[in-house]
Amino acid sequence: MDDKEITIEELEQLMLTNGKQYDVTKVLAAYQFAAKAHEGQFRSSGQPYIIHPLAVAKSLLELGMDTDSVCAALLHDVVEDTEATRQDIDKRFGTTVGMLVEGVTKLKKIPMFNKEQQQAENVRKMMLAMSQDIRVIIIKLCDRLHNMRTLQFRPPHKQRSTADETMHIYVPLANRLGIRAVKDELEDLSFFYLDDFAYSEIEQILQMNRDQRESFISSIKEQILERLKDVPLEKTPEIFGRVKSHYSIYRKIFLQQKEYEEIYDKYAVRVIVSTVQECYAVLGIIHEMYRPLPNRFKDYISTPKSNMYQSLHTTVLGREGIPFEVQIRTWDMHQTAEYGIAAHWKYKEGVTHEDRMDQRLSWIRQALEQQQSSDDVEEILNIIKSDIAPEDIYVMTPKGKTISLPIGATAIDFAYRIHTEIGHKTIGARADGRIVPLEYELQTGQIVEILTSKDPEKGPNRAWLDIAKTNEAKSKIRSWFKRERREENIVTGKSVLEKEFKRSRIRLTEEQLIEFLADDLKRHNCQTLDDFYASIGYGGIVISKLLPRWKDLYHRHYCINENEPEEQPIIKPVRHTSTPIILDDISDCAVKFAQCCNPLPGDEIIGFITRGHGISVHTVGCTNYRSVLARSNPEELERWVEIQWTDSSDTAMQTNIEVVAHDRVGLVYDISAILTEARIPIMHSSSHILRNGNAVFDASIRIVNKSQLTAVFESIRKIKGVISVERAKR
């Protein structure tokens with residue numbers, strides 16, 4: 001953690017020694033302006049606030065950024081936290097610095113927006129500024145880096161929320177921009193605050209193996225250098241040992257269930273040469289010296305990653321029988337691998353460069369365009385998170401063009417990546433010459449061909465929204481339905497809204513409806529009620545996200561008289577949450593959920609008519625129901641009735657789970673962490689040891705439906721040592 005006070009003198013020294021030309025006078029003026037504006041303000045550590053802008057500016061200088069970036073770093077909090085305005089910045093330091101400062105400034109609190117919506121709007125604002133000038137996000141990454149380095153001074157709940165946001169937004173952004181030095185540190189710092197126990201375990205493993213690792217890497221470097229002496233290279237190559245980050249090791253040990261000894265790339269060396277030809281020549285020599293492991297070679301020179309990363313990767317077996325990874329690259333590739341976009345900095349006053357770097361940043365504009373088809377501000381954050389995900393696959397068209405897609409992408413995603421119209425007219429696909437379904441998940445190296453319809457009226461299917469994995473494809477599908485099926489969307493949307501209102505007992509006149517939805521129409525850029533219906537119809541607005549607020553609004557402002565008769569336009573709904581059970585099209589029958597089987601939405605269910613207490617809901621597999629069926633008593637069977645869940649239910653229900661695992665330190669913590677991460681309340685939990693030495697963890701939790709429980713069970717099964725996890729009876 002870094003809480004060292006940085007001085008302006010250090011910044012001056014860096015500007016004089018890092019090999020670039022800086023307007024030192026302008027930077028000093030920015031510092032003086034920021035120091036005066038932040039006078040009297042202190043950070044949580046107790047240090048003067050100006051220490052933070054100085055630290056951000058220092059990080060930018062270390063990345064080799066320009067004068068305006070450094071000035072913006074020094075000024076980046078003055079508009080948000082002081083009396084200074086954007087106009088003050090423009091007047092004193094120019095519109096470019098003003099624009100950069102504005103780009104990293106958070107929006108003020110938005111009325112009626114929850115935390116997730118606030119975060120989404122701030123990220124969208126940052127992305128919009130980033131699409132105009134990539135320096136915005138580089139400044140923001142350095143800002144977040146210093147905040148993470150000093151996070152120990154914040155309260156624990158702030159530490160966790162900041163680390164979570166960093167891991168899910170800023171780490172993928174740094175990775176997408178190729179700034180490895182920043183990405184690795186942000187990732188490890190986030191990991192430390194999100195799971196300090198696991199972090200400590202990894203640290204202990206690394207400390208125990210440090211001498212062995214250093215000795216092994218040193219011997220490998222000597223062997224390779226000695227062999228390359230006989231090779232005619234432009235100059236002697238540089239060889240470095242690479243230390244795998246804490247989080248990278250954690251992912252393999254805890255998430256992929258591997259032992260430390262099974263991690264092949266925990267030992268790694270980088271060989272830096274002068275030319276691409278030398279990269280391939282050295283690769284041949286490495287394979288001659290050591291036995292290459294099958295399926296462990298990757299050529300990122302001929303097929304670079306989306307973040308501009310280029311290198312040859314191969315894993316080989318050392319003479320000691322220990323596997324290790326070798327990365328081979330040129331110096332230019334190495335600079336790009338370490339500093340990404342910052343290594344290719346080409347901004348010059350008055351000049352705009354349209355080069356390969358700009359083309360590789362097109363994903364930013366694509367993400368912003370895709371957001372325009374979503375009327376739900378919370379959806380924006382999901383779009384951004386998925387679009388900056390670090391993992392990609394590479395597939396080819398029949399003509400040999402390489403297409404990069406995220407892991408899990410389908411034939412539909414591939415079709416829309418090639419061209420929008422090809423996507424719309426898709427009727428089938430071939431992968432390596434074999435017909436595959438549209439939902440087929442593509443794999444790296446496949447040659448994919450899309451089969452299209454010649455019918456000019458052919459369009460996408462609504463079901464494709466569930467098949468597509470990329471937001472690019474989903475956005476284009478929604479846009480087609482938005483443009484081509486407006487009348488159909490209005491009818492569909494109105495029907496869905498009326499159904500949800502009826503289920504939620506919200507009754508409004510037409511005049512009241514317009515007033516009731518006024519804020520939502522404005523928030524979702526809808527000019528008329530029909531626009532709102534249409535947005536629901538094509539999927540731009542997700543009603544389930546709006547219902548909790550609507551129910552609260554209705555109860556607070558539209559329920560005038562609780563005893564008002566049902567014929568009136570406004571009717572006060574009952575105080576308890578409407579039941580998620582339908583019996584013969586009646587959705588408001590009194591129900592209770594049997595504790596013998598704890599049914600959840602998604603289970604097949606059956607109802608038992610109780611005397612005076614409505615319907616008792618059981619699963620069809622419940623032992624009580626099965627015993628009645630076995631007895632075949634007509635009087636008993638008459639009281640069992642067919643029931644079903646409503647189409648959507650947001651009612652959380654209590655159920656019990658039982659986890660059996662090999663006993664170890666940290667087991668209960670790991671299980672609890674999974675439940676906490678999934679935002680599942682734990683009502684009660686206990687654990688005990690069986691005679692065979694295994695541990696049993698029991699918990700009562702509140703769950704929304706069977707799908708959510710299934711997803712949580714899948715996560716728990718991946719925990720090291722877990723033998724089984726299942727629903728349990730009381």
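I count a residue as buried when its relative accessible area is under 20%. I keep in mind that this is a predicted model.

**Entry: a loop residue.** I looked up Thr470 and found it in the loop between α22 (464-467) and α23 (471-484). Is Thr470 buried or exposed? Its relative accessible area is 5%, so I note Thr470 as buried. Next I asked what Thr470 is in contact with, leaving aside neighbours within four places in sequence. I listed Leu405, Pro406, Asp413 and Arg417.

**Entry: aromatic pairs.** How many aromatic pairs does the structure hold? I noted 15. One of them joins Phe191 and Tyr199. I read 5.5 Å centre to centre and 55° between the planes for Phe191 and Tyr199, a tilted pair. I checked burial too: Phe191 and Tyr199 are both buried.

I then turned to Tyr625 and Trp640, which also form a tilted aromatic pair. Their centres lie 4.9 Å apart, with 45° between the planes. Where in the chain do Tyr625 and Trp640 sit? I placed Tyr625 in helix α29 (residues 623-631) and Trp640 in strand β16 (residues 640-641). The two are 15 residues apart, and the pair links distant parts of the chain. I marked both Tyr625 and Trp640 as buried.

**Entry: a cluster.** I went back to Phe191 and Tyr199 to see which aromatic cluster holds them. Phe191, Phe192, Tyr193, Tyr199 and Tyr247 form one cluster.

Notes. Residues numbered from 1 in each chain as written. Predicted model: local features only at pLDDT ≥ 70, side-chain atom pairs only at ≥ 80, totals over all residues. Heavy atoms only, no water. Phe/Tyr/Trp six-rings, centres within 6.5 Å; stacked < 30°, edge-to-face > 60°. Buried < 20%, exposed > 50% of the residue type's maximum accessible area, 1.4 Å probe, protein only. Helix = DSSP H or I, 4+ residues; strand = E, 2+ residues; numbered from the N terminus. Contact = heavy atoms within 4.5 Å.
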